[in-house]
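Please keep the sequence and the 3D view at hand while reading.

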Amino acid sequence: MLAQKLARSLSTRSASSPWMRYLNSRCSNGSTTAARAFSADSSSNWIPNCSMDTEIVHGGVTPCDETGAILTPVYMSTTFVQESVDKYLEKGFSYSRTNNPTVKMLEEKVAKIEHGHDAICVSTGMAATASCINAFMNTGDHCVITNCSYGGTNRICREQFVPLGMEFSFVDFTDPKTVEDAIQPNTKLIFSESPTNPTLTLADLDAISEIAQRHGILHVCDSTFATPYVCRPLDHGADLTIQSLTKYYDGLNIGTGGALIAKTPELYERIKLIQNMHGNIMSPMTAFLMLQTMKTMGLRVRQQSASAMKIATFLEGHPKVSKVVYPGLDSHPQKELADRQHRDGLHGGMLWFDVIGDPIKLMDSIKRPWTLCENLGATESIITACAVMTHANMLREDRLKVGITDGFIRISVGIEDPEDLIRGLDDALGQL
């Protein structure tokens, strides 16, 4: 398997090299020396087996031993003083392109919540996606990837990686057999997205992970739409998880960020090396803000899921609406999988619909609290024209094949009163 090959390759590196000394300076749970003062894992005054809601708030962070600060500080420092040449990297930090204490704390917290070994936090979700492909594919390698993904993912595969000699098969991931049939002798990566952006189709992560393992191929899942609060791909056999932290982790339309979470130490070492070489690490200030905003992710996702279900039910019964897709509806073609794969009966805050009439007119005329813009997963409810905004970079024929029509309406439900959101939609639909 590729992970075993990586392990063998990494084991041949000199233990005295600066890179290996950096990795060896880390604590067993992934935290570096400078972050130990904020790690609750080594503290005996925590009750065992805390729930996910508690972990999202604390996630290994405890008040600083030296100052009592309840929040991880913002370490706005480019470089870190070394005690001596012989003790270089003994404290785990040298230069903030490679590692920074604030960013490291966010990486630990994300990895803990996603049930991974460790994670890299980078500047955007697309940086996480690019890091994954760069880490595990080379010229001549092949990837089986979903035919419906975030538009930027589709574009970077076609526009950057294909000219470099990589191959991609864009296939329907709703049927695991289709995924397996697309595997070639040079396949190195299976790239799923569940639910997909924006069509909300699901991938059976257990089945696809089993296929990947049987063929010795890595499986990465972009789980941005689900969030770890709804589904953790690593619990379903995936090797890596991608999160656009800009969305539900941030949740407040403040910052941009991405994370690539690894299940094993070997996979983590590879993605950390790629992050260090690319220099796309997240800024300390953004990491500090996300450490705070993610604390309310559970509350937000529960509210957004409940509101999305109310709105989807309303739209499904409206005479001007021809189609509604939401994983919580009985009409969703993969409802059984959604109930099995999504935790606590939650299905997220994303849905889409088609109308009888001019969809562009609806999006142009809808009143607040709805907001016409890009992004998703935020506290504000957002309506998006995917063909013009988020997926404009897909080839039109590919976009139409997966059902993203020119009038496709995607909505991201926020935390406002759902009745106000329904009144806004009803008003706009009434003008068609």
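## The largest pocket

In this predicted model, helix 5 (125-136) and strand 6 (240-244) each contribute at least two residues to the lining of the largest pocket. That lining comprises 23 residues, and those nearest the centre of the pocket are G125, Y150, S244, T246 and K247.

The volume of the largest pocket is about 390 Å³. By class, its lining consists of six nonpolar, 12 polar and five charged residues.

## The second largest pocket

Nine of the lining residues are nonpolar, eight are polar and four are charged.

## Salt bridges

Side chains of opposite charge can pair when their charged atoms come close. The structure contains 17 salt bridges. One of them joins the side chains of E107 and K104, with an N to O distance of 2.9 Å. Because these two residues are three positions apart in helix 4 (residues 101-114), about one helical turn separates E107 from K104. Both E107 and K104 are buried, and a network of salt bridges links K104, E107 and D118.

Another salt bridge, at 3.0 Å from N to O, connects the side chains of R340 and E336. R340 and E336 are four residues apart in helix 12 (residues 335-341), so they too are separated by about one helical turn. R340 has a relative accessible area of 45% and is therefore partly exposed, whereas E336, at 52% relative accessibility, counts as exposed. A further salt bridge is formed by the side chains of R343 and D344, at 3.4 Å from N to O. Here R343 is partly exposed, with a relative accessible area of 23%.

## A nonpolar surface patch

On the surface, M76, L252, I254, M285 and L289 form a nonpolar patch. Together these residues have about 450 Å² of accessible area. M285 belongs to helix 10 (residues 284-293). Its relative accessibility is 38%, so M285 counts as partly exposed.

## The position of S365

S365 is found in helix 13 (residues 359-365). Is this residue buried or partly exposed? S365 has a relative accessibility of 22% and therefore counts as partly exposed, since the buried class requires under 20%. Along the chain, S365 and G424 are 59 residues apart, and their C-alpha atoms are separated by 9.9 Å.

Conventions: Residues numbered from 1 in each chain as written. Predicted model: local features only at pLDDT ≥ 70, side-chain atom pairs only at ≥ 80, totals over all residues. Heavy atoms only, no water. Patch = residues over 30% accessible without salt bridge, like charges linked within 9 Å, V, L, I, M, F, W, Y side chains within 5 Å. Areas by Shrake-Rupley, 256 points an atom, 1.4 Å probe, with all protein chains shown as cover. Salt bridge = Lys/Arg side-chain N within 4 Å of Asp/Glu carboxyl O. Buried < 20%, exposed > 50% of the residue type's maximum accessible area, 1.4 Å probe, protein only. 1 Å grid on protein atoms, 1.4 Å probe; cavity = no way out; pocket = protein on both sides within 12 Å on 5 of 7 lines; lining within 4 Å. Points joined across faces, edges and corners; volume = space filled by probe spheres on them. Nonpolar A, V, L, I, M, F, W, Y, C, P; charged D, E, K, R; others polar.
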